[in-house]
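Please keep the structure in view while reading.

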Amino acid sequence: MALSREEVAALGRLARIELSTEELEHLAPQLDQILEHVARVSEVAAADIQPTSHPLPLSNVFRSDEVRECLSAEEALSGAPAVEDGRFRVPRILGESA
Amino acid sequence: MSASTSSGPDLTRSTAADLAARIAAQEISAVEVTQAHLDRIAAVDPAVHAFLHVDGERALAQAAAIDTRISSGEQVGPLAGVPLALKDVLTYSGAPTTCGSKFLEGWVPPYDATVTKRLLDAGIVILGKTNMDEFAMGSSTENSAYGPTHNPWDLDRIPGGSGGGSSASLAAFEAPLAIGTDTGGSIRQPAAVTGTVGVKPTYGGTSRYGLVALASSLDQPGPCARTVLDAALLHEVIAGYDPADSTSIDAPVPPVVEAARSGDVSGMRIGVVKEFSGEGYAPGVEQRFREAVATLEKLGAEIVEVSCPSFTYAMPAYYLILPSEASSNLAKFDSMRYGLRVGDNGVASAEEVMAATREAGFGAEVKRRIMIGTYALSSGYYDAYYGQAQKVRTLIINDFNKAYEQVDVLVSPTTPTTAFKLGEKVDDPLAMYLNDLCTIPSNLAGNASASFPVGLAPEDGLPVGLQVIAPPLADDRLYRVGAALERALTDSWGGPLLSGIPELEVAR
């Protein structure tokens with residue numbers, strides 16, 4: 001199938017990973033090799049086979065709607081890269097034109 | 001209390017069951033046992049690098065609390081006071097959880113995993129957190145951002161992965177018990193290459209709450225130990241229903257300890273998986289495997305060859321399903337709520353910061369798998385890749401179901417080769433993936449499986465593991481086979497396999 005560097009860069013963008021030129025060079029043939037190997041799944045699975053997404057036949061699990069102990073705000077924020085006014089501080093989320 | 005006391009070195013060679021009995025009988029104190037293991041870690045871990053974090057002070061405090069409870073006459077659990085090494089993918093409040101990644105360097109979780117909580121409730125002493133491939137992606141621990149772990153049998157070789165820190169800590173006598181997690185073989189393959197015991201419980205048998213997810217439909221925590229009974233005792237502590245994990249099975253824990261004590265395989269029907277032999281399998285691995293199967297036959301088991309043709313497609317299916325689930329699970333590492341953040345200069349947007357952080361924080365294998373998953377789930381490719389892989393998963397489950405109409409358990413070598421040299425496969429993803437060839441089908445089907453040591457390969461003197469796979473919720477059968485092998489083989493070797501491991505050089 002031969003993934004091009006541009007295609008790998010596009011995958012990186014979808015996955016939110018900013019890849020360097022050297023990484024693109026290095027990863028493209030490796031990803032290609034892996035994809036070629038995994039494509040073997042198309043050899044066996046015919047249309048009449050049901051897909052399995054999970055080993056257990058579970059339906060959704062609910063708990064009773066009761067107030068329980070949970071993390072305090074301090075605990076929830078304790079691992080944050082940046083905190084301001086008791087909240088997660090994040091970079092700007094709107095584009096330049098905003 | 002140091003390694004120089006007469007009881008010190010012996011304590012680190014004991015089984016967990018013996019240690020617990022002697023602690024409960026007040027022959028030795030839990031503090032003494034913990035200190036002996038901390039001393040051992042200080043002496044050998046500079047060379048082995050099994051631990052990312054040693055939690056000495058808290059471990060000693062936990063041990064002292066057990067000693068107090070025992071001396072006040074309180075009845076304690078069967079593993080109370082025994083030290084344990086915890087894989088760094090499970091949260092333990094107050095200690096960093098890094099998952100072997102730079103992304104989570106120094107992250108201290110604000111809560112305990114259910115497994116961690118059950119360990120502490122059982123009076124088990126947590127020595128620290130063990131090294132692993134980054135986010136559990138790998139078979140050698142070489143993908144750890146903090147450097148690889150070395151196999152105590154030969155420091156130039158891999159200890160398996162992703163749970164190589166846990167397996168190495170056992171083989172280096174740094175801990176008698178460890179916790180691993182198994183998504184495609186991360187408990188069993190490290191056990192095989194270090195001559196230790198590792199069990200992947202039935203999916204849903206142990207809780208995933210507080211386990212940093214790799215692939216949610218495959219991940220399962222499990223016990224690691226040097227003996228079959230120790231693994232069973234630990235299994236019983238951590239297993240059982242947990243309402244905090246929506247995939248937890250609300251059923252009694254299979255009688256694993258009873259099975260480990262029995263070891264009776266007479267009349268048991270054991271199927272040898274035909275597809276897991278031949279090309280790519282080391283001669284010494286095949287030889288020890290055949291000998292172990294012959295031993296089981298001598299002990300009264302009925303051996304049959306079983307064909308599971310779809311198993312040859314397990315690896316390609318797994319390397320679509322796992323990356324797909326992983327790319328979704330790892331999307332949470334977005335630099336907003338925890339972990340690393342780079343490039344936040346006040347100008348860059350959240351999306352730019354996110355992409356720069358993920359570039360800086362993830363290693364090569366994590367990036368490869370996220371991108372494969374992204375590709376497999378993207379529109380236009382979904383049906384051909386992820387959809388087809390899910391169908392293969394059905395075929396593999398069908399093969400298992402058919403096999404279990406004929407046999408009680410299946411067996412195979414755990415891994416095709418013994419431990420390879422560090423560096424040998426680190427930049428060759430497909431060669432690395434082949435290590436999990438035999439272990440992957442069990443994860444895809446969600447049944448129970450384990451690896452037990454069956455000797456050293458004659459060609460290189462390195463440990464070989466035998467894998468047992470049992471139907472869902474028949475975890476006890478694993479221990480029955482493991483205990484039978486352990487008894488017969490220990491007799492024939494004149495002692496446990498690990499008694500023949502080379503002495504590690506001790507740091508001063």
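Helices and strands are DSSP runs, numbered from the N terminus, and two strands pair if DSSP finds at least two bridges between them. The model discussed here is a predicted one. In chain B, strand β10 (residues 448-456) and strand β11 (residues 463-470) run antiparallel and are joined by seven bridges. One of the residues involved is B:L456, whose bridge partner in β11(B) is B:P463.

These two strands belong to an open sheet of eleven strands in chain B, with the order β1-β3-β2-β4-β6-β5-β10-β11-β9-β7-β8 and mixed pairing. At its edges lie β1 (51-54) and β8 (302-306) of chain B, each of which pairs on one side only. From one strand to the next, the twist averages 25°. Helix α3 (residues 30-48) of chain B packs on this sheet and touches β1, β2 (83-87) and β3 (125-130) of chain B. The direction of α3 makes about 20° with that of β3(B).

Among the buried residues of α17(B) are B:L478, B:Y479, B:V481 and B:L489. Just after α17(B), B:G494 takes a positive phi of about 80°.

Finally, consider how the chains meet. The contact takes 65 residues from chain B and 54 residues from chain A. Together the two chains bury about 5100 Å², 67% of it on carbon and sulfur atoms. B:Y313, B:M371 and B:K391 supply 13% of the area that chain B buries against chain A, more than any other three residues. Three salt bridges are counted between chain B and chain A; the side chains of A:R16 and B:E351 meet in a salt bridge at 3.6 Å, N to O.

Conventions. Residues are numbered from 1 along each chain as its sequence is written. Chains are lettered from A and ligands numbered from 1 in the order in which they are written. This is a predicted model: local features need pLDDT of at least 70, side-chain atom pairs count only at pLDDT 80 or more; totals for chains, interfaces and linings use all residues. Side-chain values use heavy atoms; hydrogens and water are left out. Buried means under 20% relative accessible area, exposed over 50%, partly exposed in between (1.4 Å probe, protein chains only). Helices (H or I, at least four residues) and strands (E, at least two) are DSSP runs, numbered from the N terminus. Axes are lines fitted to C-alpha atoms, for helices over the stretch in contact, and angles run from 0 to 180 degrees between N-to-C directions. Contact means heavy atoms within 4.5 Å. Buried area is the accessible area (1.4 Å probe) that two parts lose on being put together, summed over both. A salt bridge is a side-chain nitrogen of Lys or Arg within 4 Å of a carboxyl oxygen of Asp or Glu.
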